[in-house]
Amino acid sequence: MKKTLRAVPFVLATCFAAAAHADPTDLGAGFSLSGNATITNDYRFRGYSQTDFRPAAQLGLDLTHSSGFYLGNWNSNVSSTLYTEGNLEMDFYGGWRGEVYNGFGIDVGALHYYYPGSTSPKGGNYNNTDLYIAGTYGGYSLKYSYTPSDFFSTPNSKGTWYLDASATWDLGEGWGLVGHVGYQKLKNQVDTDGDELGHYVDYKLGVTKDVKGWIFGLAAVGASKDNWYNTKYDHPAGRLGLVASISRTF
C-alpha cells in the first residue's frame, strides 16, 4: 500500500499532462466518462485535516448518463494515524442530478467511504455511508447528508448529519471566489479535552484562477471547534490553515 501511494504523485502528473488536451469521453448510448485530479498541501474534510497537514494526491472518475444518473469513484491518501493502519481513502458514489424547474437543480444519492487496510474500533476496515440530497441554483448549493449507521465506524454514533452551504462567484478573467460553511451534528463524541462535542461549524473562503483549464486554488479553512481530534504531531486537526491546490478535469 505504501509503495502504491508513493507512486500516486507520478501517476497524477502523468494524468495532468494527458489532460491538458483531453475532453470527457463519449462512450455512446448517452454515457460519458470524465476524470479529475488534484494535488494539495492538505486534505481537509469538513474542516479537519485528514493528512496531518501534509500533502495529498487525489484522483477521481465519473460515469454519467444523459438521463442524469451517475456513478463515481474518488481516492486520496490519508493519515494512518487517523485511520489506524490505513493510508488510502476510496469513495464510491451514485445518484441522479438534473434541473427540475427554471434553473433549480437537485442531486440525490449515496456515498460510501472505504479505507482499505485500516483497523476500526468496531473491527474490520474503517468505512462510512452517507445518504444525501442537494439543491442547486446558479453558483449556490445547499446539501444535507445523513449517516444511518455509526459515523466512520465509531461505536454508538448513529444519526450523525451534516449541512453544507457553498457558493462560487465568477470574478472574470479566470478568477473565481469560493465560499463554504458547514454544520456538523455529532452523536456521543468528545474533544481532546474530554468535553462533550455535539456539533461544530466548518468554513472555507478562497480564490481560484483558471489558467488554460488548470485550476489553482488558495483558501482559508478551519472549524469553530478545532480539537475534536489532533494530528500525530498533537496539533488540533481543525485549526485555521491555508490550503493550496492545483486541479484539472479531463
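Student: In which strand is Trp-175 found, and is this residue buried or exposed, or something in between?

Tutor: In this predicted model, Trp-175 is found in strand 12, which spans residues 175–185. Its relative accessibility is 40%, so Trp-175 counts as partly exposed.

Student: Which residues make a nonpolar surface patch with Trp-175?

Tutor: Tyr-140, Trp-169, Leu-171, Val-207, Leu-218 and Leu-242 make the patch together with Trp-175, and its area is about 710 Å².

Student: How should I read a salt bridge, and how many does the structure hold?

Tutor: The general idea is a side-chain nitrogen of Lys or Arg within 4 Å of a carboxyl oxygen of Asp or Glu. The structure holds 4 salt bridges. One of them joins Asp-42 and Arg-44, with 2.7 Å between the closest N and O atoms. Asp-42 is buried at a relative accessible area of 5%, and Arg-44 is buried at 15%.

Student: What is the N to O distance between Arg-46 and Asp-130, and which parts of the chain does this pair tie together?

Tutor: The side chains of Arg-46 and Asp-130 meet at 3.0 Å, N to O. Arg-46 lies in the loop between strand 3 and strand 4, whereas Asp-130 lies in strand 9, so the pair ties together parts that are 84 residues apart in sequence. Both residues are buried. Arg-46 has a further contact: its charged end sits over the ring of Tyr-162, 4.2 Å from the ring centre.

Student: Where do Asp-107 and Arg-97 lie?

Tutor: These two residues form a salt bridge, with their closest N and O atoms 3.7 Å apart. The pair links strand 8, which holds Asp-107, with strand 7, which holds Arg-97. Asp-107 counts as buried at 16% relative accessibility, while Arg-97 is partly exposed at 39%.

Student: How many aromatic pairs are found, and why is the pair of Phe-45 and Phe-152 edge-to-face?

Tutor: The whole structure has 18 aromatic pairs. For Phe-45 and Phe-152, the ring centres are 5.8 Å apart and the planes stand at 70°, so the pair is edge-to-face. Phe-45 lies in strand 3 and Phe-152 in the loop between strand 10 and strand 11, so parts 107 residues apart in sequence are tied together. Phe-45 is buried at 18% relative accessible area, and Phe-152 is buried at 7%.

Student: Which residues do ring pairs link into a cluster with Phe-45 and Phe-152?

Tutor: The cluster includes Tyr-48, Tyr-83, Tyr-113 and Trp-228 alongside Phe-45 and Phe-152.

Note on methods:
Residues numbered from 1 in each chain as written. Predicted model: local features only at pLDDT ≥ 70, side-chain atom pairs only at ≥ 80, totals over all residues. Heavy atoms only, no water. Buried < 20%, exposed > 50% of the residue type's maximum accessible area, 1.4 Å probe, protein only. Helix = DSSP H or I, 4+ residues; strand = E, 2+ residues; numbered from the N terminus. Patch = residues over 30% accessible without salt bridge, like charges linked within 9 Å, V, L, I, M, F, W, Y side chains within 5 Å. Areas by Shrake-Rupley, 256 points an atom, 1.4 Å probe, with all protein chains shown as cover. Phe/Tyr/Trp six-rings, centres within 6.5 Å; stacked < 30°, edge-to-face > 60°. Lys NZ or Arg CZ within 6 Å of the ring centre and 35° of its normal.
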